[in-house]
Amino acid sequence: MMKFANVIGVSFMAVLLVLLPLLLPAVGLNISLGTTVILFALAASSVNVLLGFTGLMAFGNAAFFGVGAYGSALFIADVNANLILGLIVGTVCSTLAAAIIAPFLIRRRGIYFSLLTIAFGQVFYFIAYRWSNVTGGEDGFSISKPPIFGGSSPTLNGSSYYYFCLAIFAVLLFVLWRIMRSPFGLTLQGIAQNEARVRYLGINSDRFIFVALLLSGFVAGLGGALYSVSIAFSYPLLMDWHQSGDFVMMVILGGVGTIWGPVIGAAIYAIAQNVLSSFTPAWQIIIGGMFIFFVLVFPKGLLGLGAARRRREEEASQDPDVAVVPAGLIEGRQP
Amino acid sequence: MIEHLAPEIVNGIVLGAFYAIIAIGLSLIMNLTGTINLAHGSFMTLAGYLAFTLMSRGSNFWFALAASAICTAIIGLVVERLLISPLYKRVPLYSLLLTFGLSLVFEEVFRLIWGPSTVPFSAPPELSGATQIGDVFLPTYRLFIMVALVVVMVALLVFLYRTRLGLRLRGAVQDAEMLAALGTNTQLLYMTNFGLGILLAAIAGVLAAGLLGLGPTMGNDLLMPAFITVVIGGMGSLAGSIVGGLLVGLAISITTLYLPAASEVIMYVLMAVVLLIRPRGLFGEEGIFG
């Protein structure tokens with residue numbers, strides 16, 4: 001049984017997202033911004049699987065996002081202009097990419113894990129950047145929007161593509177929510193809270209982290225595949241570590257370890273970027289400043305504000321500065 | 001063949017020395033405070049631009065090198081005190097994200113002040129030209145960089161292993177709490193350590209500006225190979241950073257000669273191979289850093 005407050009929150013978000021194509025033009029923004037919010041939310045959710053639930057400081061998820069984007073865009077441009085097949089190919093590619101680098105990552109924790117995700121994430125960027133006769137190199141390449149089932153089936157544009165993405169997003173968010181309440185998801189959260197104890201129970205935590213990485217790669221790749229179709233374009237900076245950092249920041253802006261946090265964070269980020277970049281070319285200063293401000297002042301993100309206040313009322317003695325993310329993240333400093 | 005290969009090997013060693021010095025700075029900061037400093041590259045670029053500005057106002061190269069390195073290190077100290085030190089008691093993710101935000105701000109500020117394209121930054125006249133060694137002509141500036149970076153590294157090792165402060169820094173990496181209990185001001189140590197890392201980055205930044213060209217992303221372009229150097233050499237090992245840097249530099253420069261398109265990917269291949277054989281990196285110690 002869901003709590004009443006949660007029901008209200010979920011209904012509010014659902015209504016907001018469904019009405020977004022009507023609301024955005026009313027304030028002078030393009031509907032494609034709504035699509036971007038949803039797809040960034042997918043990418044941020046993929047970070048959240050590792051960061052929020054498993055307690056792993058993943059800093060390379062743009063690689064999965066970008067592999068998904070390139071996979072679908074290349075398939076649509078060169079093989080078959082079919083949206084559904086393109087999405088499947090892109091997602092399979094990103095899951096495979098996760099499977100390839102996961103064996104290098106699963107035995108590391110703490111900042112070592114971050115370092116490896118930053119480094120391994122960047123390899124895909126350089127492949128896209130350098131393999132220019134296939135990927136178009138630094139400039140990337142554009143595609144034309146594919147018919148949904150190929151051939152003469154209809155092509156999704158504007159708000160119909162938004163609702164297509166929203167449907168996929170809603171299903172995935174529900175699936176993620178279910179997974180995090182399944183024995184598998186609870187084990188991941190156990191790893192975040194106290195990995196040693198999980199291992200004493202006879203559970204091979206490395207294997208669970210492997211699957212979490214695949215899940216993360218799958219979700220990020222699907223987001224990326226939908227994104228390159230949405231902007232009809234694919235370019236290497238999608239996979240750069242700056243993009244990874246943006247995705248992690250979305251999770252922090254919204255609230256780490258919550259299902260809706262990444263969605264809210266993605267909305268803040270995408271809208272801020274869109275609005276600011278129309279005012280000033282130096283928008284990156286404001287975005288970077290916003291990151292710094294949130295890290296210093298609101299480390300639990302917007303959703304964490306309410307949760308933090310509730311918890312403070314419950315146990316007044318809690319130190320708000322300590323261990324924001326589960327204790328498992330700190331592991332690795334003990335010699 | 002050898003006349004093509006020899007300059008590339010020198011290139012590789014110069015590049016490798018850069019990666020090593022950047023990686024050492026990153027390692028110092030990472031080992032003591034768990035902060036992965038994503039703004040490290042920005043500090044390098046900052047030092048380059050400061051030196052450029054000084055030189056365009058008529059200063060000579062040597063003064064510009066010293067002044068900009070010291071100024072950058074001081075800016076680093078201020079950043080550490082104001083922004084990073086409040087995060088030491090939190091999980092390392094937050095300092096990683098803070099330095100990420102910082103690098104975004106820095107990069108845009110560079111664009112605003114010095115423009116989006118590269119600025120002309122030339123080596124001083126006494127270091128231009130080439131020196132003949134055997135049958136091979138080598139640019140004097142590259143030889144100078146090699147010598148300079150070796151001097152910096154030796155100075156650093158002497159500092160870390162032959163002074164009281166260096167002893168305390170190494171002690172703090174092992175057990176900062178115990179050191180504090182014995183009466184050392186660890187906050188001061190954290191600050192010194194961060195400043196030291198930034199000083200190394202700043203020196204490398206000015207030297208690199210004369211070699212690679214100075215643009216807003218110069219430092220960030222060098223940052224990724226430096227991260228890989230840390231992984232290959234093993235976290236927490238200075239010797240590892242030096243060996244790792246040289247390996248990465250040589251791999252890149254030799255691949256540039258034979259298969260230019262793979263010149264970046266090769267370092268990832270190298271990293272993967274090293275991690276398969278030695279999961280902790282070449283000189284990494286078992287048990288530290290998860």
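Which residues have the most contacts inside the largest nonpolar core? Select B:Leu97 and B:Ala202: they are the ones, in a core of 195 residues. A nonpolar core is a set of buried Ala, Val, Leu, Ile, Met, Phe, Trp, Tyr and Cys residues joined through C-beta atoms within 7 Å; buried means that 20 or more other C-beta atoms lie within 10 Å of a residue's own, with C-beta atoms placed from the backbone.

Before moving on, note that this is a predicted model, where local features need pLDDT of at least 70 and side-chain atom pairs count only at 80 or more, while totals for chains, interfaces and linings use all residues. Residues are numbered from 1 along each chain as its sequence is written, and chains are lettered from A in the order in which they are written.

Next, colour helix α1 (residues 2-33) of chain B, which gives the core its largest share, 16 residues. Helices here are DSSP runs (H or I, at least four residues), numbered from the N terminus.

Now return to B:Leu97. Leaving aside neighbours within four places in sequence, B:Leu97 is in contact (C-beta atoms within 7 Å) with A:Val248, A:Met249, A:Ile252, A:Phe291 and A:Val295.

Zoom out to both chains: 41 residues of chain B are in contact with 45 residues of chain A. On the chain B side, select α4 (92-114), α8 (218-233) and α10 (265-277), each supplying at least two residues. Of that side, α4(B) gives the most, with 15 residues.

Last stop: show α2 (residues 40-56) and α7 (residues 186-212) of chain B. Among the residues of α2(B) and α7(B) that meet are B:Phe43 and B:Ala202.

Conventions: Contact = placed C-beta atoms within 7 Å. Buried ≥ 20, exposed ≤ 12 C-beta atoms within 10 Å, placed from the backbone.
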